[in-house]
Amino acid sequence: PTVQLRGQYFKQQLQKLTERYPDLADGVRGMGLILGLVLTEKGAAFGSEIVSKMFARGFLCNFAGSVALRFVPPLIVSEGEIDRFVVALADLLAEY
């Protein structure tokens, strides 16, 4: 699959998180594999903490502009790796 298809898949998975946690996540923005999960005011209060906890679980992301979790995976990322990332992020969001 192409980078565009992986980006679409990743975006769809992140969009599901916004539907599952509407009090924390407000939407998804970005292009290709450079994506951001826009957080609500409540979610943004935990942005830096989420980044630290994701790092402890072996995943890199950052908290951009105090509003969004930003993800920039390698171009060779697999759907399985995306799934593992999204599951870890969902587990963390469930804590809040």
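Select Lys-42 to begin: at 39% relative accessibility this residue counts as partly exposed, a class that falls between buried (under 20% relative accessible area) and exposed (over 50%), computed with a 1.4 Å probe on protein chains only. The model is predicted, so local features need pLDDT of at least 70 and side-chain atom pairs count only at pLDDT 80 or more, while totals for chains, interfaces and linings use all residues. Residues are numbered from 1 along each chain as its sequence is written, and side-chain values use heavy atoms, with hydrogens and water left out.

**Salt bridges**

The side chains of Lys-42 and Asp-23 form a salt bridge, with N and O 3.1 Å apart; the term denotes a side-chain nitrogen of Lys or Arg within 4 Å of a carboxyl oxygen of Asp or Glu. This pair links distant parts of the chain, 19 residues apart: Lys-42 belongs to helix 2 (residues 41–44), and Asp-23 to the loop between helix 1 and strand 1. Helices (H or I, at least four residues) and strands (E, at least two) are DSSP runs numbered from the N terminus. Asp-23 is also partly exposed, its relative accessible area being 39%. The model has four salt bridges by this rule.

Next, select Glu-49, Lys-53, Arg-57 and Glu-95, which a network of salt bridges links. Within helix 3, Glu-49 and Lys-53 lie four residues apart, about one turn of the helix, and their closest N and O atoms are separated by 3.4 Å. Glu-49 is partly exposed at 34% relative accessibility, as is Lys-53 at 29%. Arg-57 is partly exposed at 38% relative accessibility, and Glu-95 has a relative accessible area of 46%, which makes it partly exposed.

**The nonpolar core**

Now select Phe-10, Leu-37, Phe-71 and Leu-89. Of the 29 residues in the largest nonpolar core, these four touch the most other members. Such a core is a set of buried Ala, Val, Leu, Ile, Met, Phe, Trp, Tyr and Cys residues joined through side-chain atoms within 4.5 Å. Helix 4 supplies the largest share of this core, eight residues.

Centre the view on Leu-89 and show its contacts (heavy atoms within 4.5 Å). Leaving aside residues up to four places away in sequence, Leu-89 touches Leu-14, Leu-17, Leu-37, Ile-50, Met-54, Leu-69 and Phe-71.

Ala-64 counts as buried because its relative accessibility is 16%.

**The largest pocket**

Finally, select Phe-59, Pro-73, Pro-74, Val-77 and Phe-85, which of the 13 lining residues lie nearest the centre of the largest pocket. On a 1 Å grid over the protein atoms alone, a pocket is an open set of points where a 1.4 Å probe fits, with protein on both sides within 12 Å along at least five of seven lines; lining residues have an atom within 4 Å of a point. The largest pocket holds about 320 Å³ of space, a volume being the space filled by probe spheres set on the points, which are joined across faces, edges and corners. Helix 4 (residues 79–95) gives the most to the lining, with four residues.
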